[in-house]
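Student: I'd like to learn how to read a model like this one. Can we go through it together?

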Amino acid sequence: MPESSKMKKPDVKVVLLGDMNVGKTSLLHRYTEKKFKDTISTVGGAFFLKQWGPYNISIWDTAGREQFHGLGSMYCRGAAAVILTYDVTNWQSLAELEERFLSLTDTANLDCIYAVVGNKADLTDPKAQRPQETDVVSEDRTECEEDQTEPQVTSACPTPPASPASLSGLMLHQQVTHEDAVAFYGRILRYKGLDENNSLPAEKMCFETSAKTGYNVNTLFETLFDLVLPSILRKRNENQESPTVDLEECRGATGKRSRSACC
Amino acid sequence: MKHCRGSIYNKFPFSRTVLNAPDHLHPAAGFDSEQIHSDQPSYTVLHHGYVNVCLYVSICCLQRLDVLAEMSVKAFELVPAVERDLLMGDKARINIECIECCGKHLYVGTNDCFIHHFLLDEVTSPKGKPSYSSQKLLHKYLGLKKPVAELRAASALERLIVLCDGIVFLVDMVTLETVPSAAGGGAKIRGVTAFCVNENPVSGDPFCVEMGVLSWKRRTVQIYMVYEDRVQLVKEVTTPEQPCAVSLDGYFLCLALATQYMILNYNTGASQDLFPYNSEERRPIVKRIDREEFLLAAPGGLGMFANAEGVSQRAPVNWSESVIGATVCFPYVVALDESFITIHSMLDQQLKQTLSFRDGHILEVFEGKVILASTKAVYVLVPLPLERQIQDLLASHRVEEALVLTEGAQRNIPKDKFQILHKRILQQAGFIQFGQLQFLEAKEHFRKGQLDVRELISLYPLLMPASSSFTRCHPPLHEFADLNHLAQGDQEKVLRCKKFLISYLGEVRSTEVANGCREDVDTALLKLYAEQDHDSLLDLLASENACLLTDSVPWLEKYHKYFALGLLYHYNGQDSAALQLWIRVADGDLEDHTRSDLYEYVVDFLCSCSNLDLVWKYADWALRKDPTIGVHIFTKRPGSKDQSDLNPDDVVTYLGKHSRALLLYLEHVVLERRTQKERFHTHLAVLYLERVLSLLSESSKNEQQLTRARERLQALLRESNLYRVQFILGKMENNDHLLLERATLHGKLEEHDKALHILVHELRDFPSAEAFVIWASSCQDSAYRQRLFHLLLGVYLDRTLTGKSAAGVSSGDLEMAAVDLLNRHGEVFDAVRVLRMLPEGWSLQLLRPFLGRAVRASMHACRTSQIALGLAHSENLQLLHDRLKERKKPILVSEKKGCHLCHNTFSEPDVVCLPGGVPVHTHCVAQRVRDPPTKRPLTNSSNHT
Ligand SMILES: Nc1nc2c(ncn2[C@@H]2O[C@H](COP(=O)(O)OP(=O)(O)O)[C@@H](O)[C@H]2O)c(=O)[nH]1
Ligand SMILES: [Mg+2]
C-alpha cells in the first residue's frame with residue numbers, strides 16, 4: 001500500500017525566513033516543482049514535505065509580512081535549519097533579516113544551522129541567468145505545465161506591490177555583495193554565541209540563488225539536507241533509544257542521559 | 001496550487017460589504033455551488049441603497065463565479081435543525097446564547113435564562129438529502145434573569161454544567177432541575193468567566209469530569225473535578241496575564257491571554273509561549289481539535305495549529321479577520337464569521353467551500369457533528385459522503401485535491417475499505433491525467449492504484465484479443481469510449497497515446513501487474529509494435545511471451561511482419577509454418593524487409609533445429625540456394641552428443657546430389673571433427689583426387705586451382721592414416737602427374753624405397769625427398785629415422801640406378817644432394833657407416849660440416865659417459881663409507897618394529913640396512929631397487945618418519 005507522503009510525520013524541520021518579496025515562496029516552488037511561476041503573497045505560512053532518502057523533511061515557507069511576524073518564533077521552534085533569505089537587489093532586505101528575523105530563530109534547535117541566501121541573483125550575476133541544466137524538465141512535464149498554467153491565470157493574483165521599504169529611496173536598491181552576506185553570517189554566529197571556528201564556515205553557508213532560473217537552488221536545499229541529517233539521526237535515536245537505554249543505565253552509576261559520552 | 005489558498009478575500013473586497021442586501025440580491029443567489037442560509041430575512045435594512053447594491057452585486061457575481069468554479073467543493077450541506085418558531089415563537093428579543101448536543105439531545109441556552117431541551121432526529125429523504133426533525137421536550141427557566149452563557153453535558157453524570165451570571169452549577173439532564181449542593185461540598189463556582197471540559201483527561205475516572213475554569217479578574221486557571229452533585233477544586237495555576245479563553249487536553253491548557261496565546265502544563269507548571277495576539281481587538285479562539293493539538297485564531301485572520309509542544313505541524317488556514325468560531329471536522333476546518341461559513345481543507349489548506357450564513361453566532365462540534373446557531377435558529381452542517389466529494393473533485397479534474405482528500409481520509413475509514421477507495425481514486429486520477437496526455441503522472445497513478453492494465457488497453461481499438469473475457473469495471477474509471485473519442489480525431493494525440501502504451505506495457509509486462517492477463521498484455525504490445533514498426537517487436541517474440549497466435553497472425557500479416565510472424569510460429573512450436581513463411585520471403589514471394597539476411601537466418605535456424613524431419617525437408621532448399629552456406633545446416637550444428645542427432649552417413653548419402661556441399665561436409669567431418677571412420681577419409685581423398693584429375697584433364701589448365709587442389713589432396717594423404725591407401729593408390733597408378741602423391745602413399749605403406757625412388761629418380765625433387773624422410777620418420781624412434789636417412793643416402797648414391805635414370809640429370813646432382821643431406825642432417829647418420837658408403841673420390845672439404853659434427857658428437861658421447869662413470873664411482877664409495885659406519889653399532893630388529901618401506905613388522909632376523917642403519921625387509925629393498933619410486937638417492941629415505 002503506497003503511503004501518502006502528505007500524512008507522514010516529518011523528521012526534521014527547515015524554515016525559510018525573510019522579508020516579503022525576497023522570493024521565499026518562489027525558491028520553494030522552484031525546488032519542489034522545478035518551475036518558476038507567479039506567486040501570491042504568502043498568507044501565514046505553508047509547508048512542503050520532502051522525502052530525502054528514508055527521511056521526511058518539512059520545509060516551511062513563512063510570510064514575510066509584518067502582520068504575521070508574531071508567528072515566526074513558532075515556525076522556528078524545533079527547526080534544524082533556517083534559511084535566512086534576502087533579495088540581492090535590495091539592501092534593506094538584508095538589513096531586515098538582522099533587525100526583525102534573526103531574533104525569531106531563538107526558538108530553533110540549539111544545533112540549528114543557518115544559511116544566508118541572496119535570491120534573485122539572475123538580476124545581478126550573468127552566471128545565474130542561464131536556465132540550469134539540473135532543472136530541465138521532461139517533455140511530459142513541460143506539457144502539464146502548459147496545461148496547468150492556463151486555468152491558473154484566473155486565480156493567480158498580480159505580483160503584490162513592492163515592499164514599502166523599497167519605495168523610500170535609491171539607497172535601498174543598492175546591490176548586496178557577497179561580503180555583506182558573509183559579514184552578516186559572522187554576526188549570526190556572534191548573536192548565537194557560537195565560535196566561528198567550530199561552526200560551519202561562511203563560504204559554505206552563504207548562497208546566491210535565483211528561483212527564476214533555478215541557479216543554485218538544488219544545491220542550497222541539498223547542502224542543507226545533508227547537513228541536517230545528523231540531526232535527524234540523533235532525533236531518531238533518541239526516540240528509539242529511550243526504552244532500552246534506561247535499562248542499561250540503571251546498572252551504570254552514571255545516572256541519567258549523560259550526553260558527553262557520545263559525539 | 002497550494003498558494004492559491006485564501007486569495008478569495010484579497011481578490012473580492014466587495015463581497016463583504018454588500019451582504020446585507022436582501023436575499024434575492026445576495027451575491028451567491030442562483031449558484032448551485034453555494035448554499036444560502038439565513039434567518040428570516042431582515043428586509044428592513046438598506047432599502048435605500050438598492051440601486052447601488054444591485055450594481056455591486058452583479059460585479060461580485062461575475063467575479064465569484066470564476067472563483068467558485070475553480071475552488072469549490074461541496075463538502076457540507078447546511079441543514080436546519082431547530083427553527084425559530086420552535087424556540088422563541090415571535091418573541092423578537094430572545095436570542096440563542098449557547099448550545100450543547102449529546103447524542104440526540106440538543107440543549108439550547110437563551111439570553112432570557114432558559115434552557116430548551118430538544119430531541120433531534122436525522123431523517124433521510126427519499127432523494128438521499130439529509131434533514132433533521134426536532135421535537136421540543138422541555139424548557140426551563142433557571143431563575144437568574146441573565147443569559148445562559150455556556151452549557152456542557154456530562155452525560156455519564158447525567159448533568160449539564162451551566163455557566164450563567166458568572167456562576168457554574170449543575171442541572172439534571174432530564175428534568176433540567178438545578179442540582180442542590182451535596183452535604184460535603186458545594187456544587188457551585190462563582191466569578192467564572194469561562195470554562196472548558198477536558199475531553200482527554202489524564203485521570204480515567206468515568207464518573208467525574210475535569211474542567212478548566214477562568215475567573216473574573218484572576219490570573220489563574222483552576223482545575224475542577226465535577227461529580228454528580230458537587231465540584232471540587234483540584235489544582236490552581238497562575239498565568240502571567242489575565243486569561244480569556246481556555247481549552248484543555250491531558251495536562252495541557254491552551255490559553256488565550258490578553259496579549260498572547262500560551263500552552264501551560266498544569267501538572268508541571270511548564271509553559272510555552274505561542275504567539276502574540278491582541279484579545280481586545282479580536283475575540284481569541286482556542287479550540288482543541290485532536291489529541292494535544294489546538295486550533296487558534298491568529299493575527300491577520302489566520303487559523304493556526306499548535307500542538308502541546310508549541311509547534312505548528314500544519315500550515316495555517318486563511319480566514320477572515322472577523323472570524324467568530326472555528327472547529328475541525330476532519331479533514332476540514334470550518335470557520336464562522338458574521339456572514340459566511342468557510343471550509344478549508346486541513347490537508348492542503350485550500351478554501352474548499354463557502355456558505356453564506358448570516359447572524360452566525362455559534363459554531364461547535366459535538367461528537368463529530370458540526371452544529372451552528374444564529375441568534376434565532378440551530379443548524380447542522382452535514383458532511384457529504386466522502387466518496388461523493390472525491391468524485392466531484394475528479395469530475396472537475398482536480399486530481400491532486402481528490403487524492404489529498406482520499407489520503408487524508410485514511411484514518412477515518414476502515415483499512416480494507418480505504419484501500420479499495422484509494423486504488424480506485426488513483427486509477428481515476430490516472431485516467432484523467434492520461435486524457436490530458438500527462439503520461440508521467442498517469443503512469444505513476446496507475447502504478448500506485450494497481451490498475452488492471454486491461455482497462456487501459458481496452459481504450460485502444462482492436463488491441464484486446466478477441467478471446468479476452470475482460471470487461472471494463474463498473475462504474476467506469478473514465479469518461480472515454482475509446483482512444484478516438486479521447487483524441488477527437490487528433491492523430492498526433494493518438495500517436496502519443498500509443499507511444500505511451502508501448503512504453504507502459506513494456507515496463508509492466510514482466511511485473512506482477514500483468515499477472516493473470518499476460519496474454520492480453522503481450523498481444524496488445526505485439527500489435528502496437530507491429531503497427532508502429534517498432535524494433536522491439538522481434539525482442540518480444542524472441543523471448544518469453546504470451547502473445548496469442550489467433551489474434552497476432554492476421555495482425556502481423558496485415559503489417560507484413562512475416563519474419564516476426566515466423567518467430568511467433570516458432571515460439572508456439574510451429575517451426576514448419578515458420579519455415580514455410582520465411583522461405584516464401586527469402587524467395588521473394590512475400591515482402592518483408594526486416595532481415596536482408598533471411599536466407600542465412602533460415603540456415604542458422606535449421607542448423608539448430610532439433611526436428612530432423614524439418615531439417616531434411618528444408619535442407620534441400622537451402623543447399624540449392626547456396627551449397628556453401630546451406631551446408632552449414634550440417635556442419636555448424638551445435639555439438640550435441642545426442643544420438644538422435646544427424647547421422648553423418650545419412651548426411652553423406654543425402655548430400656549425394658549436392659557435390660559441392662558433400663565435399664564441404666566431408667571436410668568438416670574429417671578435418672574438423674576428426675572422425676575416425678575410414679569411409680569418410682577415403683571418400684574425401686577420392687573426392688580430392690577426382691577434383692585433381694578433372695582439373696588435370698581440362699584442356700586449359702588453371703594452374704592455380706590445380707595447385708590448390710593438389711595441396712589439399714597431398715595434405716590429406718599425408719595427415720590422415722585412415723583412408724584406404726591401396727585403393728587410392730590404385731586410382732593414380734601410372735599417373736605421371738601425381739608422383740608426389742604416389743610417393744606419399746608408398747610412404748604410408750612403408751614402401752619407403754619406392755617412395756624415395758619416385759621422388760629422387762622420377763620426380764628428381766630432392767627437397768621433397770628430404771621432407772619425405774623427415775615426415776615419414778616424424779613419429780618414429782631415432783633408429784627408424786636413421787634407417788630412412790641412410791635409405792635416402794643410398795638412393796642418392798646408387799650408381800646402378802643413376803646410370804639408368806632419365807637423361808639430362810647428371811649423377812653430380814645426386815651427389816650434391818647426398819652431400820647436402822649429410823651436411824644438413826649429419827647428426828642422424830651413423831658416421832662410420834656413412835664413411836664406408838661414400839665414394840672414395842669425395843673431398844674432405846666437401847664433407848667438412850658433416851664430419852666436423854660427427855666428430856664432435858662422438859667426442860661428446862665419450863665424455864658424457866666418462867662423467868657418468870665417475871659419478872657412479874663416487875656414489876658407490878659414499879655408500880661403502882656409510883655401511884662401514886653403520887656396522888659399528890647394532891641394528892635392533894624386533895617384532896614390534898616396522899619396516900620403513902612396507903611398514904609391516906619383521907618376522908625374521910634377516911634384514912637389510914638402508915644407509916643410516918635403518919632396517920628393512922630384504923624383499924622390500926629388492927623391490928625398491930627394481931623400481932625406485934623417485935630418482936632420489938636412497939640415503940634420504942632414512943629421514944622418513
Ligand atoms: N528576477 C527574479 N525574481 C524573483 C526571483 N524569485 C522571486 N522573484 C519575484 O519576486 C516576487 C516575490 O516572490 P515571492 O516568492 O512571492 O516572495 P516571498 O514573499 O518571499 O515569498 C515575485 O514577483 C517573484 O516573481 C528570482 O530569483 N529572480
Ligand atoms: Mg511568500
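Tutor: Start with one pair: A:G118 stands opposite A:E208 in β6(A). Before going on, note that this is a predicted model, where local features need pLDDT of at least 70, side-chain atom pairs count only at pLDDT 80 or more, and totals for chains, interfaces and linings use all residues. Residues are numbered from 1 along each chain as its sequence is written, chains are lettered from A and ligands numbered from 1 in the order in which they are written, and side-chain values use heavy atoms, leaving out hydrogens and water.

Student: What is the strand order in the open sheet of chain A?

Tutor: The six strands run β2-β3-β1-β4-β5-β6, with mixed pairing. From one strand to the next, the twist averages 20 degrees.

Student: Which strands does helix α6 of chain A lie across?

Tutor: Helix α6 (residues 178-192) lies across β4, β5 and β6 of chain A, at about 155 degrees to β5(A). Contact means heavy atoms within 4.5 Å. Axes are lines fitted to C-alpha atoms, for helices over the stretch in contact, and angles run from 0 to 180 degrees between N-to-C directions.

Student: How many residues surround ligand 1?

Tutor: A residue is near if one of its heavy atoms lies within 4 Å. By that rule 19 residues surround ligand 1, and A:N21, A:T25, A:S26, A:T39 and A:D122 are the closest. Helix α1 (residues 24-33) of chain A gives the largest share of the shell, three residues.

Student: Where are the polar contacts?

Tutor: For a ligand, look for N or O atoms in pairs within 3.5 Å. Oxygen atoms of ligand 1 lie 2.7 Å from a backbone N or O atom of A:N21, 2.6 Å from one in the side chain of A:S26 and 2.6 Å from one in the side chain of A:T39.

Key:
Pairing = 2+ DSSP bridges. Helix = DSSP H or I, 4+ residues; strand = E, 2+ residues; numbered from the N terminus. Polar contact = N/O pair within 3.5 Å; in protein donor to acceptor, adjacent residues only side chain to side chain.
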